[in-house]
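Please read the following explanation alongside the sequence and the model. It goes from confidence to helix packing, then to aromatic pairs and backbone geometry.

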Amino acid sequence: MRIDLAGDAYTTQFMIDAHHHFWKYDPVQYGWIDDSMARIRRDFLPADLIAEIAPLGIEGVVSVQARQSLVETQWLLELAGEHDFIRGVVGWAPLSAPSIVDDLAQLTRHGKLKAIRHVVQDEPDPEFMDREPFNAGIAALMPFKLAYDILIFERQLPAAIRLVDRHPDQLFVLDHIAKPRIRDGQISPWRENMLELGRRDNIVCKVSGMATEADFKNWTPAQLAPYFETALDAFEPRRLMFGTDWPVCLVACEYTQWHAIVSDFIAPLSASEREAMMGKTAIETYQLEKGQEERG
């Protein structure tokens, strides 16, 4: 499936944050939030995000699952129904379960479900993405016109390439540029694998989650630049999309800071390329609809 960015339904000013989370904090449910991330040990809800995006002119967001729970997916869809600025939801569903088709049929009754994600980065089996039940679940997405968000560490890129090759007509989205080892300053073999993955035209990539893969307190934009440049080389602007990974990003940078850094990175690009990265790619990939202005 080739991404088509030919439409002109949105102006160049229409910006989308293609990756953020909401949660009601619970120390058991969110045990991955350790002491180094203490700043985000609280609730993050729509009113909090509106305060971040309004000054920047960001008009829409895509809400992404943080827990592997149908209950959470339903909750995100409820929030999307209540708030027009939430243009789409990337939820979780049990892809390996025999019930997956029924689950997807139920979830997609809400038009704002746009994709499914599984936290593959936490799977101990390095061949998890090769498993037949998981692949059967991926194959079930196309009839529902759902994308699949790939959440992995850089060491899992070879398996991700096999997954994308196995489903050439399925649309995939790579989260957080596959979490390279920025903290260690290591770029290979991540760079080579990204260039290989980018040769497939049924996958796009989110420029997000980079600061949190570096040293939270000591990273610099210059340290991130080689990774951003690799993502550009691998996917080109038309298959890249801006995301903040808020509120997770707050352990390393402010929302406005990340927006400014990405804006600086893309400043040399053409207007149409900047438009693609800051909104149009997300709109086309997730089939987002422009809602009414947020009220209240």
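pLDDT is the predictor's confidence in each residue, on a scale from 0 to 100. For the protein chain its mean is 93, and 93% of the residues reach 70 or more. Residues 1–12 have pLDDT below 50, and this stretch has 29 contacts in the model beyond near neighbours in sequence; a contact means heavy atoms within 4.5 Å. Over residues 292–296 the pLDDT also stays under 50, and there the model has nine contacts beyond four places in sequence.

This is a predicted model, in which local features need pLDDT of at least 70 and side-chain atom pairs count only at pLDDT 80 or more, while totals for chains, interfaces and linings use all residues. Residues are numbered from 1 along each chain as its sequence is written, and side-chain values use heavy atoms, with hydrogens and water left out.

Helices (H or I, at least four residues) and strands (E, at least two) are DSSP runs, numbered from the N terminus. Axes are lines fitted to C-alpha atoms, for helices over the stretch in contact, and angles between N-to-C directions run from 0 to 180 degrees. Angles under 35 degrees count as roughly parallel, over 145 as roughly antiparallel, 65 to 115 as roughly perpendicular and the rest as oblique.

The axes of helix 2 (residues 70–82) and helix 3 (residues 100–107) cross at roughly 20° and come within 11 Å. The two helices, helix 2 and helix 3, are therefore roughly parallel to each other. Helix 2 passes helix 3 in a right-handed crossing; a crossing is right-handed if the near helix is turned clockwise from the far one by less than a right angle, and left-handed if anticlockwise. From helix 2, Leu-70, Thr-73, Gln-74 and Leu-77 meet Asp-103, Gln-106 and Leu-107 of helix 3. The residues of this contact divide into three nonpolar, three polar and one charged, where Ala, Val, Leu, Ile, Met, Phe, Trp, Tyr, Cys and Pro count as nonpolar, Asp, Glu, Lys and Arg as charged, and the others, Gly among them, as polar.

Helix 8 (residues 255–266) and helix 9 (residues 271–286) have their axes 10 Å apart and pack at an angle of about 155°. Helix 8 and helix 9 are therefore roughly antiparallel to each other, and their crossing is right-handed. His-259, Val-262 and Ile-266 of helix 8 make the contact with Arg-274, Met-277 and Met-278 of helix 9. By class, it has four nonpolar, one polar and one charged residues.

Rings of Phe, Tyr and Trp (its six-membered ring) pair if their centres lie within 6.5 Å; planes under 30 degrees apart count as stacked, over 60 as edge-to-face and the rest as tilted. The whole structure has eleven aromatic pairs. In one of them, the rings of Tyr-148 and Phe-172 have centres 6.2 Å apart and planes at 85°, so the pair is edge-to-face. Tyr-148 lies in strand 5 (residues 147–150) and Phe-172 in strand 6 (residues 172–174), so the pair ties together parts that are 24 residues apart in sequence.

The backbone also has cis peptide bonds. One runs from Ser-188 to Pro-189, with omega near 5°; Pro-189 lies in the loop between strand 6 and helix 6 (190–197). Lys-179 lies in the loop between strand 6 and helix 6, and its phi is near 50°, a positive value in a residue other than glycine. Another cis bond joins Trp-246 and Pro-247, with omega about 0°, and Pro-247 is in the loop between strand 8 (240–242) and helix 8.
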